[in-house]
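I am opening my notebook on a new protein. I want the overall picture before I look at any detail.

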Amino acid sequence: MSGFDDYMLPCLNKKLFGIECMGCGLQRSASLVTQGEFVDAFYMYPAIYTLILLLIVIVFNTFKKFKYNNKIITILAILNIVIIVTNFVSKFI
């Protein structure tokens with residue numbers, strides 16, 4: 001899996017301004033999930049599992065519609081936004 005790490009994109013915001021963006025850690029967290037380091041992935045980017053769940057629901061919804069799909073996707077999207085913003089703000093406190 002170290003080959004995957006060689007192709008990660010650098011954070012342009014962090015390079016230019018020296019401040020992490022709201023997405024910093026997402027690629028590394030996804031890499032850790034693929035390596036089986038689930039706890040480390042959560043600490044790297046806390047929204048990784050809710051994002052994976054949202055992606056699964058959206059892909060599943062593409063092929064098979066279910067009753068409350070819009071509500072579930074909306075709730076998961078709001079939950080992800082709250083987790084991402086809270087994580088971002090907590091880095092500066």
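**Entry 1: the model.** I note that this is a predicted model.

**Entry 2: the elements.** I looked up the secondary structure of the protein. I found six helices and zero strands. Read from the N terminus on, the elements run α-α-α-α-α-α.

**Entry 3: extent and surface.** I checked the C-alpha trace along its principal axes. The trace spans about 45 × 35 × 25 Å. Next I looked up the accessible surface, which comes to about 6900 Å². Carbon and sulfur atoms hold 72% of that surface.

**Entry 4: burial and contacts.** How much of the protein is buried? Of its 93 residues, 23% are buried. I then took the contacts between residues at least 6 apart in sequence. Of these, 35% join residues at least 24 apart.

**Entry 5: α3 and α5.** Helix α3 covers residues 26–34, and helix α5 covers residues 48–63. Their axes are 10 Å apart, and the helices pack at an angle of about 80°. Angles of 65 to 115 degrees count as roughly perpendicular, so α3 and α5 are roughly perpendicular to each other.

**Entry 6: who meets whom.** Which residues of α3 meet α5? I listed Leu26, Ser29, Ala30 and Val33 on the α3 side. On the α5 side I listed Ile48, Tyr49, Leu51 and Ile52. I sorted this contact by class: seven residues are nonpolar, one is polar and none is charged.

Note on methods:
Residues are numbered from 1 along each chain as its sequence is written. This is a predicted model: local features need pLDDT of at least 70, side-chain atom pairs count only at pLDDT 80 or more; totals for chains, interfaces and linings use all residues. Side-chain values use heavy atoms; hydrogens and water are left out. Axes are lines fitted to C-alpha atoms, for helices over the stretch in contact, and angles run from 0 to 180 degrees between N-to-C directions. Helices (H or I, at least four residues) and strands (E, at least two) are DSSP runs, numbered from the N terminus. Angles under 35 degrees count as roughly parallel, over 145 as roughly antiparallel, 65 to 115 as roughly perpendicular and the rest as oblique. Contact means heavy atoms within 4.5 Å. Ala, Val, Leu, Ile, Met, Phe, Trp, Tyr, Cys and Pro count as nonpolar, Asp, Glu, Lys and Arg as charged, and the others, Gly among them, as polar. Buried means under 20% relative accessible area, exposed over 50%, partly exposed in between (1.4 Å probe, protein chains only). Accessible areas come from the Shrake-Rupley method with a 1.4 Å probe; for residues, only the protein chains shown count as cover.
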